[in-house]
Amino acid sequence: MRQASICKAGALSLGAAGLALALVVSSIPHAHAQEDGASKILKAMSDYVASQKTISVTYDSDIEVVTSTLQKIQFTSSGQVQLSRPDKLRATRTGGYRDVEVVFDGKLVTVNDKDTKNYAQIDAGGTADQLIDVLREKNGVVAPGADLLLPNVFDVMMADVVEGAVIGKGVIDGVECDHLAFRNVETDWQIWIESGARPIPRKYVITSKGVGEAPQYTLRIKEWKTDLPADAFAFRPEQSAKKLALGELGDIDEVPYGVANTGAKK
């Protein structure tokens, strides 16, 4: 969810100054009130999401890259995340370059590259939450959009925050939301949370401050349901599909290989 960035020397000194300023500002009572208010709304979202046993969401995502000639290019994908706590997950992502899904039925995790009709499977136990971390940290596979559905999303997102604020209200797909903004050393991030009795995340933006041109990652949650089909977590490969080792699947990222630095990521 947080992305380390490569900083130029000048940017590094500005980043250190910015951090010092943030620490000074955080000592002002108004700033404390702002951060407390933002944290309270984010915690309410985290608690609400964690209370949902089953979740099905659709989303759009944009990831920006900066080329060697400093041109900013944006790549867009859509997908769905289905979750049944504690140990079932399906996440899909369809873009202009990749069509990928990850399926976890509680015992087996499948990474399916629909473009090549190749897939890989590994034995996996534990919870869906643990699986998300294992896939990302050990195998470089991201279950898109799934981070925001973790039961401990508040702790994960707030781990290195140095400043937070309630910006005000915003409207996402006709729904009024609370607009929050947070900062850490390497990134700025914003989140729009539906106001009222159903505080679900509606939009999430991460801006990388340490990469030139400050590329962004944006996630927009469109549809949020709590009902799932009976076969939501069953994987049935196509007859012509080929099973490979996970390391043999090749590049399944949403950005074409070798394009440029992606900066902030989910």
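**Notebook: sheet, aromatic cluster and core**

I began with a charge over a ring: Lys203 lies over the face of Trp192, at 4.8 Å from the ring centre. I count such a case if NZ of Lys or CZ of Arg is within 6 Å of the ring centre and within 35 degrees of the ring normal.

Ground rules next. The model is predicted, so I took local features only at pLDDT of at least 70 and side-chain atom pairs only at pLDDT 80 or more, while totals for chains, interfaces and linings use all residues. Residues are numbered from 1 along each chain as its sequence is written, and side-chain values use heavy atoms, with hydrogens and water left out.

**Overall make-up**

I looked up the elements: the chain has four helices and 12 strands. These are DSSP runs numbered from the N terminus, helices being H or I of at least four residues and strands E of at least two. Of the 266 residues, 47% count as buried. Buried means under 20% relative accessible area, exposed over 50%, and partly exposed in between, with a 1.4 Å probe and protein chains only. I then checked contacts (heavy atoms within 4.5 Å). Among those between residues at least 6 apart in sequence, 57% join residues at least 24 apart.

**The sheet**

In what order do the strands of the open sheet run? I read S7-S8-S9-S10-S11-S1-S2-S3-S4-S5-S6-S12, 12 strands with mixed pairing. S7 (163-172) and S12 (242-244) stand at the edges; each has a single partner strand, so one side of each is left without a neighbour in the sheet. Two strands pair if DSSP finds at least two bridges between them.

I followed S11 (residues 216-225) to both of its partners below. With S10 (residues 201-208), S11 pairs in the antiparallel sense over five bridges. Here Val205 has Thr218 as its bridge partner, and Ile206 stands opposite Tyr217. With S1 (residues 54-66), S11 is again antiparallel, over eight bridges. On that side Ser61 stands opposite Leu219.

**Aromatic pairs**

I searched the whole structure and found four aromatic pairs. Rings of Phe, Tyr and Trp (its six-membered ring) pair if their centres lie within 6.5 Å; planes under 30 degrees apart count as stacked, over 60 as edge-to-face and the rest as tilted. Phe182 and Trp189 are stacked, at 4.4 Å centre to centre and 20 degrees between the planes. Together with Tyr204 they form one aromatic cluster. Phe182 counts as buried because its relative accessibility is 1%. Trp189 is buried too, at 3%.

**The core**

Which residues have the most contacts inside the largest nonpolar core? They are Leu42, Phe182, Trp189 and Ile191, in a core of 43 residues. S1 gives the largest share of this core, five residues. A second, separate core of six residues includes Val111, Ala120, Leu249 and Ile252. I define a nonpolar core as a set of buried Ala, Val, Leu, Ile, Met, Phe, Trp, Tyr and Cys residues joined through side-chain atoms within 4.5 Å.

I listed contacts of Trp189, leaving out residues up to four places away in sequence: among them are Leu42, Met157, Val161, Leu180, Tyr204 and Ile206.

**Val161**

Is Val161 buried or exposed? Val161 is buried, with a relative accessible area of 16%. The C-alpha atoms of Val161 and Val185 are separated by 8.0 Å, with the two residues 24 apart along the chain.
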